[in-house]
Amino acid sequence: MLIRFKCKAASAFRFHSLSIFESQNLYSTLTRSHLLTKYLIKSLGFTKEEASLASSKVTSYKSLNNNKNPDIVVNYFKHVGFNEIQIKQLISVTPKLLFYDVTKTLKPKFQCLMDIGLTGSDLVNVIAKDTTIVERGLFTHLKPTINCLKRVLGSDDNVVRAVKRTSWLLSFGGRNVMESNLMLLKKRGVSDEKIQILVRRNPRCITQKPEWVKDLLDRVERDFRVPLDSSMFPYGFHALASQKKSRCGEKVEIFKSFGWSDEDVLTMFRKLPYCIALSEVKIRKGLSLYVKELGYDAAYIASHPSILIYSLEKRVLPRMQVLKILDEKKLERRKMGLYSVVSLTERKFKDYFVLPYKDQVPDLYEPLKKTLAP
């Protein structure tokens, strides 16, 4: 009985000690959170609500003991050239940056990014979008990744453009995936120039699984008959990569429902791949107008696919209405096909079809645009 009593006492003592430790730890955490909130308000101009929200993002203070003076970080940001608004933006997203070691962590990594031309608001935006960049190893990850992107894109400027569009390229963990995809593209005969265009337009493509990239190459080349060495290849790849395979198939079926053949769809894709990336609503509305109302056949539209991209309400319908009014009034006008009319610049269209008739038909164009606009 005595032994059992001692065991219970010891257990109770350990529980009591643990509770005290946890209470002290909780108190310490709450204290630091409170101090951080006060600092953000007093030193960086945060509102009480903004400061509380930012402080709540610091989930652990265990690693924050080495740097007790966040002013060191703020002063470094100022030295780099960040203004107060940029500093506030950065800290509101990642307040734990205030406790990073400037000499060992922030300075070398920020300098690495600034060396390729990523500065000012661009640097702030990239870090704010993906703060794990700062947590990546400088020599084990950040520099090798930048060098890989530079080999593909050809220059620091192009790397900066890609990173601004897709910031997580710098923190992406599978650099070997990038290398595998680049090797796959080259083996399939895609030139360095085409790869550069492809990655500039869609940086995500080289971070996907190689099987995904291979399947997309097969679809571009086999299903849509776009040679991988053609000028349209990067745009065809991007159009297919931007949507699920099933969604793309559904759009092809929409074209066919308006009397298009497979060859019509292929002709359109080879001329302007982006048409297959349009929304289903836009495709239906465009085909309804051109095929059913205006009577143009699939071959004409497929040969002039850009007419599918123009806004019906803001561009196509007002212009068609102007021509209709001129014809109804039997006024002599330029004879131009649909494609030529809708592809004219706004200024040219007015010069050809509006201004010459301003006396006979006042307010011919602008009221139509306002009426037809959604």
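**Entry 1: S167**

I began with S167 and found that S167 touches V126, K129, D130 and I133, leaving aside residues up to four places away in sequence. Contact here means heavy atoms within 4.5 Å. The model is a predicted one, in which local features need pLDDT of at least 70 and side-chain atom pairs count only at pLDDT 80 or more, while totals for chains, interfaces and linings use all residues. Residues are numbered from 1 along each chain as its sequence is written, and side-chain values use heavy atoms, with hydrogens and water left out.

I then looked up where S167 lies: in the loop between helix 9 (156-165) and helix 10 (175-187). Helices are DSSP runs of H or I with at least four residues, strands are runs of E with at least two, and both are numbered from the N terminus. S167 counts as buried because its relative accessibility is 7%. I use buried for under 20% relative accessible area, exposed for over 50%, and partly exposed for in between (1.4 Å probe, protein chains only).

**Entry 2: helix 2**

Which residues of helix 2 are buried? In this helix, residues 48-56, I noted A51, A54 and S55 as buried. Seen down the axis of helix 2, the buried residues fall within an arc of 100°, so they line one face of the helix. The arc is taken from the directions from the helix axis to the C-beta atoms. E49 and L53, on the other side of helix 2, are exposed.

**Entry 3: aromatic rings**

I searched the whole structure for aromatic pairs and got 13. Rings of Phe, Tyr and Trp (its six-membered ring) pair if their centres lie within 6.5 Å; planes under 30 degrees apart count as stacked, over 60 as edge-to-face and the rest as tilted. The rings of F77 and F82 have centres 5.6 Å apart and planes at 35°, so I logged the pair as tilted. Both F77 and F82 are buried. For F255 and W260 the centres are 4.7 Å apart and the planes are at 50°, so this pair is tilted. Both F255 and W260 are buried. I also noted one aromatic cluster formed by Y76, F77, F82 and F110.

I looked next for charges over rings, which requires NZ of Lys or CZ of Arg within 6 Å of the ring centre and within 35 degrees of the ring normal. The charged end of K88 sits over the ring of F46, 5.4 Å from its centre. The charged end of R334 sits over the ring of Y352, at 3.7 Å from the centre.

**Entry 4: salt bridges**

How many salt bridges does a search of the whole structure find? I recorded 17 salt bridges. The rule asks for a side-chain nitrogen of Lys or Arg within 4 Å of a carboxyl oxygen of Asp or Glu.

The side chains of D122 and K164 meet in one of these (3.5 Å, N to O). D122 lies in helix 6 (residues 120-129) and K164 in helix 9, so the pair ties together parts that are 42 residues apart in sequence. D122 is partly exposed at 26% relative accessible area, and K164 is partly exposed at 36%.

K285 and E313 form a salt bridge through their side chains (2.7 Å, N to O). K285 lies in helix 16 (residues 280-293) and E313 in helix 18 (residues 312-328), so this pair ties together parts 28 residues apart in sequence. K285 counts as partly exposed, with 40% relative accessibility. I also found R188, K214, D218 and E221 joined into one network by salt bridges that share partners.

E263 forms a salt bridge with R270, where the closest N and O atoms are 3.0 Å apart. E263 is partly exposed at 38%, and R270 is partly exposed at 30%.

**Entry 5: cysteines**

I counted zero disulfides, taking a disulfide as a pair of cysteine sulfur atoms within 2.5 Å. C112 is buried at 9% relative accessibility, and C205 is buried at 2%.

**Entry 6: positive phi**

Most residues other than glycine have a negative phi. R225 is not a glycine, yet R225 has a positive phi of about 55°. I placed R225 in the loop between helix 12 (210-223) and helix 13 (233-241), and R225 is partly exposed at 48% relative accessibility. K330, also a residue other than glycine, has a positive phi near 55°. K330 is in the loop between helix 18 and helix 19 (338-343).
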